[in-house]
Amino acid sequence: MSGFGALLRRDLRLALRQGSDTATVLAFFLIVVSLFPFGVGPEPQTLSAIGAGILWVAALLAALLSLDRLFQADYEDGTLDYLLSAPAAPSLLVIAKCLAHWLTTGLPLVLLSPLLGLLLNLPSAAYPALVAGLALGTPVLTLIGAIGAALVLGARRGGVLLSLLILPLYIPVLIFGVGAVEAAAAGQGFRAHLLLLGAFLLGALALAPFVAAVALRQAAE
Amino acid sequence: MTSADRLECRDLACLRGERLVFKGVSFALGAGEALRLTGPNGSGKSSLLRLLTGLGRPAAGMIAWSGASIFDDPDAHRRRLLFLGHQDAVKPWLTVRENLSFWAALHGAQPDRIAPALAHFALTAQAELPARFLSQGQRRRLALARFAAIPAALWLLDEPTTGLDDANVATLEALVAEHCAAGGLAVVSTHLALKLPGAAALALTGASGQQAA
């Protein structure tokens, strides 16, 4: 387990020193969301109706923005070879990198989302479902994204390829994430949506690290 | 490190893409022994070292540690080896000490070995400096300091002298000799006349087959 903690601490420290990833993701999220009132018109009813979808799609694209860097820097400077020949299991190291990525990009998105909900005139009943849904959903985005990020290592224009690979896989998370917010806004229960998002998270946590580790070994060979 | 440690390769062949890099490579290395790997560019020195780390799979032949294939238990093999490739993997935004501490923690090494390891490669004065201010030779020394900080039975070094000055080449030679004296194994690829007293030699010449001397 010492390897897990060491890599997590290193990635958090690097993110803190550079700071640009978190700032870029949050700024992107903010800008995409605030484009919609200009695009569809500032009527509160319209915005309120499509607000959940806008927030989720923007969160998804923002998460994608930082994912292509998940393994890229370590791949370019040779760190990946040393990580893969270190004692810790590669899948454990993938989880450490994903956790660091989520803490520095996913979690700030979750925390910023209520503020942007206000901007879109989201009904007050919807906020618990929005925050809880994003809290469960954004780690899934990171974990699935890790598979794509590992697969596109070494490819030209990997970022674009990554979007094509993993955006379709994000659809279930999007459906149930938006579903939770809409159910809550309509005054219905949203527990079932959250349970499904939780199930996605557990499934992704069980499978994605192994698949990503296999892809990393392929990239290292 | 026990005296039973033994690294054995038999009839190794390596493919890169469609091209045969080498075949018929065999050698054996016991506890306390070093192997110097030489050969022209493209003869497969790096490829052989990567096979020995378990990062790649040989196209034919076997690699065994104390009689068991390293691919049967890759976790155990990773615990016993320490690898240096062409790249230094130094993070420019971390300080010199933080860079080394990370690798030591990743391998579960004792934190009190960091300072002596930095001193060993004359990096004590730069310990708190962000690594982006290091020269190429200093970055190489930082990568090599891992070998002074992390205990491992098998050292795999790919062109470790790149960018090093004479004094530090001597430091490295002494470190490898010390490692072998303590019963460790080392495989070192080099162009230079790196002094490894008592080391076996293996010259790779390309796909035509080689013999250990």
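User: Which residue in strand 5 of chain B stands opposite Trp65(B)?

Analyst: Ala68(B) stands opposite Trp65(B). The model is predicted: local features need pLDDT of at least 70 and side-chain atom pairs pLDDT 80 or more, while totals for chains, interfaces and linings use all residues. Residues are numbered from 1 along each chain as its sequence is written, and chains are lettered from A and ligands numbered from 1 in the order in which they are written.

User: Why are strand 4 of chain B and strand 5 of chain B said to pair?

Analyst: Pairing requires that DSSP finds at least two bridges between two strands. Strand 4 of chain B and strand 5 (residues 68–69) of chain B have two bridges, in the antiparallel sense, so by that rule they pair. A strand here is a DSSP run of E with at least two residues, and a helix is a run of H or I with at least four, both numbered from the N terminus. The hairpin of these strands has two residues between them, and Ser66(B) takes a positive phi near 50° there.

User: How do you know that strand 1 of chain B pairs with strand 4 of chain B?

Analyst: Strand 1 (residues 6–16) and strand 4 (residues 60–65) of chain B share five bridges in the antiparallel sense. Ala13(B) stands opposite Ala60(B) of strand 4.

User: What makes up the open sheet of chain B?

Analyst: Five strands of chain B form it, in the order 6-7-8-3-9, with parallel pairing. Strand 6 (81–84) and strand 9 (200–203) of chain B are the edge strands, since each pairs on one side only. From one strand to the next the twist averages 15°. Strand 3 (residues 34–38) of chain B joins strand 9 over four bridges, and Thr38(B) stands opposite Ala203(B).

User: Why does the radius of gyration of chain B agree with a compact globule?

Analyst: The rule is 2.2 Å times the number of residues to the power 0.38, with the radius taken over C-alpha atoms. For 213 residues this gives a value near 17 Å, and chain B has 17 Å, which agrees. The C-alpha atoms of chain B fill a box of roughly 50 × 35 × 30 Å along the principal axes.

User: Why is Gly137(A) called buried?

Analyst: A residue is buried if 20 or more other C-beta atoms, placed from the backbone, lie within 10 Å of its own, exposed if 12 or fewer, and partly exposed in between. Gly137(A) has 29 such neighbours, so it counts as buried. Gly137(A) is found in helix 7 of chain A.

User: What makes the crossing of helix 3 of chain A and helix 7 of chain A right-handed?

Analyst: A crossing is right-handed if the near helix is turned clockwise from the far one by less than a right angle, and left-handed if anticlockwise. Helix 3 of chain A passes helix 7 of chain A in the right-handed way. The axes of helix 3 (residues 44–67) and helix 7 (residues 127–151) of chain A come within 10 Å and cross at roughly 35°. Axes are lines fitted to C-alpha atoms, for helices over the stretch in contact, and angles run from 0 to 180 degrees between N-to-C directions.

User: How many residues of chain B and of chain A does the contact take?

Analyst: The contact takes 22 residues from chain B and 22 residues from chain A. Two residues are in contact if their C-beta atoms, placed from the backbone, lie within 7 Å.
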